Amino acid sequence: MALKDTRLMADFLQQVVSGLASGGIYASLALALVLIYRATQVINFAQGEMAMFTTFIAWSLMNHFPYWVAFVLTLAIAFAGGAALELVLIRPVQNAPVLTIVIVTIGLLIGLNGLARRIWGSDPRRLESPFSTDPIRIGGVAFSIQDLGIIGVSLALVALLFGFFQYTKIGLGLRAAALNPAASRLVGVRVSLMLALGWGLAAVLGAVAGMMAAPPLGIFDQNLMQPILLYAFAAAVLGGIDSPLGAVVGGLLLGVIVNLAGTYVDFVGADLRLPVALVIILIVLLVRPAGLFGHEALRQRA
Amino acid sequence: MKAPLALWAIRVALFAGAVTALAFLPRLLGTFRASQFALVAIYFVALLGLNVLTGYNGQISLGHGAFMAIGGYTTAILMSDQGLELAGHTFASDMRDIYTIPIAGLVAGAAGIAFGIPALRLSGLYLALATFAVAVALPSVLKKAETLTGGSSGINLFGVPRLTGLGVETTVLGHTISFNDWLYYLSWTVAVVLFAVAWLLLQGRFGRALRAIRDSELAAAASGVSLATYKTLAFGISAFYAGVAGSLFAVHTTFVNPDTFPITLSIFLLVGVVVGGLGSLSTLVFGAAFIVFLPDVAQRISKSPGAPAMIYAAVLIAAMFVLPTGVGGLVRRFVSPLTTRLYTRS
């Protein structure tokens, strides 16, 4: 009896950790969404496809360079690419109604997917993992090193980003530009530059999410990030769309809930995970209409 | 919105001209084209509904495909042999397609009101996610409710005798018409009637209340507009339109299954509304045509891998650059007098 209990407990802990691993990926992408939302009040539908695209770039680079070199190069390319997209595609419509900008990002979603198919073809690929897939024993419970690695990378990324926003001058400028563009401009913040930087950073977050998401799947193709974007959107809204902390907590929470529900509730299984997650979020929203950490917006729309 | 007499005359003439053109268009088109233009009418109906909610009332829905699915399934269930058993009484089985259309609209409308009431607590993106959640979850629900919906395989309507105009040559006013032509006339008749209804509704007190809420909930409430009533009603009407569109869609494709109404449909509806113009009605035809024809055109230009998607994206983004307020915004800029332009928000 006691043996069975400990095994159940061990199993449960494993599921929680692997939930946290997928949660870390959702959190990274959710954070990217929040970053862009705070700066421009727009949900970037293309965030997932930007991440997918950079994952393919990483795959190409990894054919020529060692993993971590390719990793850093990919982040640099993602940053430049994200900023460039903002300059070329978002800048021209930045004064248009919000839904118009949203439609542009939907166009970007479709276009990036097509471009990736054109460049890399539709053969499924395998992305190298920086982490061993062997288990590691902690207190009698076997955890996957890959899961722990993903959690570590996601949390490190969030911490780095937090430090950047909180303690650097550019970070301060980014926050100011998001909070009050007009006033920031008056005190000398280059708001348009900040917007491009924000898109660059969001693309970097997405690139990390993509590179973490692809290896555990075994093979991946151009549809890699579409389900993950849905989870990330859900996570961002669950946490409160204007709250970075909420995005991270929402992402991790969602990862764990989805994994546990999929494992322990027969009815849910593999194919009902997303609907169940969304229904849970719906219930949370009805109780807290601005998400867990979001600010209750004034009803007057500017 | 008092418009000068000349403008009224122009409007009436345009409307009459459009209806006449619609009546004779199938004579010029092949039957395949007629079927595509029928689809334009169906999307037009759905976009009218979505615009009542999003364009006029400011509530964003990312899940209108779900209401279309409810309408489509209502029609399919009423027409199919399965029938709907309630309290020992079997409904339907012998219901003809055209009679199911209003019922489909009402069922979807009721679902819209039922959804609209809890949705009152949500606004902006949170509402968008809530509607999105419904649209994502619905296919799974449809798969699970097998006795009613036929599960993953759905309901086939092809060859069902209740399908007017299929197999037999239907005679209307002495002309025999093909199934596609029949679909065309059915869809456009419904679309023109519902367009007129929407226009009349939004013209008066009701439309003013919706727009007031969109522009400022605080000011609207202070002026005595009941936010709860109007926002819920907007949801209901919007869902009614989507339900009718879904019903026509089911008749058009002659089958429904959980993948007939995917989440991408909801997103394309939003694209259609923005292209057609938020807060405009007649120009939504262009949004509907955009949804129906652009994938086709993109395919025709190049079939190499990824190319159609890239062409589609390029056209969509270019359209947003050139017409950030949609076709409706363009028309408003030329047609409306300076004063209304100054005092209304686009």
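A:Ala183 counts as exposed, because 12 C-beta neighbours lie inside 10 Å; a residue is exposed at 12 or fewer other C-beta atoms within 10 Å of its own, buried at 20 or more and partly exposed in between, with C-beta atoms placed from the backbone. A:Ala183 belongs to helix H7 (residues 181–186) of chain A, where helices are DSSP runs of H or I with at least four residues, strands are DSSP runs of E with at least two, and both are numbered from the N terminus. The C-alpha atom of A:Ala183 is separated by 21 Å from that of A:Val34, 149 residues apart along the chain.

The model is predicted: local features need pLDDT of at least 70 and side-chain atom pairs count only at pLDDT 80 or more, whereas totals for chains, interfaces and linings use all residues. Residues are numbered from 1 along each chain as its sequence is written, and chains are lettered from A and ligands numbered from 1 in the order in which they are written.

**Backbone with positive phi**

| Residue | Phi | Location |
|---|---|---|
| B:Thr254 | about 55° | loop between H10 and strand E6 (255–256) of chain B |
| A:Gly139 | about 55° | turn of the hairpin of E1(A) and E2(A) |

A:Gln41 is partly exposed, with 16 C-beta neighbours inside 10 Å. B:Thr254 is also partly exposed, with 19 other C-beta atoms within 10 Å.

The hairpin that holds A:Gly139 has 2 residues between its strands. Strand E1 (residues 135–138) of chain A runs antiparallel to strand E2 (residues 141–144) of chain A, and 4 bridges join them; strands pair if DSSP finds at least two bridges between them. Within this pairing, A:Ile136 stands opposite A:Phe143.

**Chain B and its helices**

Chain B contains 15 helices and 6 strands. Of its 346 residues, 51% are buried. Among contacts in chain B with a separation of 6 or more, 76% join residues 24 or more positions apart; a contact requires C-beta atoms, placed from the backbone, to lie within 7 Å.

Helix H3 (residues 64–79) of chain B has 16 residues and reaches 23 Å from its first C-alpha to its last, close to the expected 22 Å. That expectation is 1.5 Å times one less than the number of residues. H3(B) is largely enclosed by the rest of the structure, because 16 of its 16 residues are buried.

In helix H8 (residues 205–215) of chain B, the buried residues are B:Ala209, B:Leu210, B:Ile213 and B:Arg214. They fall within an arc of 140° seen down the axis of H8(B), so they line one face of the helix; the arc is that of the directions from the helix axis to the C-beta atoms. Helix H9 (217–222) and helix H10 (227–253) of chain B are included in what covers these buried residues.

**Core and interface**

The largest nonpolar core has 217 residues, of which A:Leu29 and B:Val45 touch the most other members. Such a core is a set of buried Ala, Val, Leu, Ile, Met, Phe, Trp, Tyr and Cys residues joined through C-beta atoms within 7 Å. Beyond its neighbours within four places in sequence, A:Leu29 has contacts that include A:Gln47, A:Leu205 and A:Ile228.

The contact between the chains takes 42 residues from chain A and 33 residues from chain B. On the side of chain A that touches chain B, H4(A) gives the largest share, 14 residues.

How values were computed. Two residues are in contact if their C-beta atoms, placed from the backbone, lie within 7 Å.
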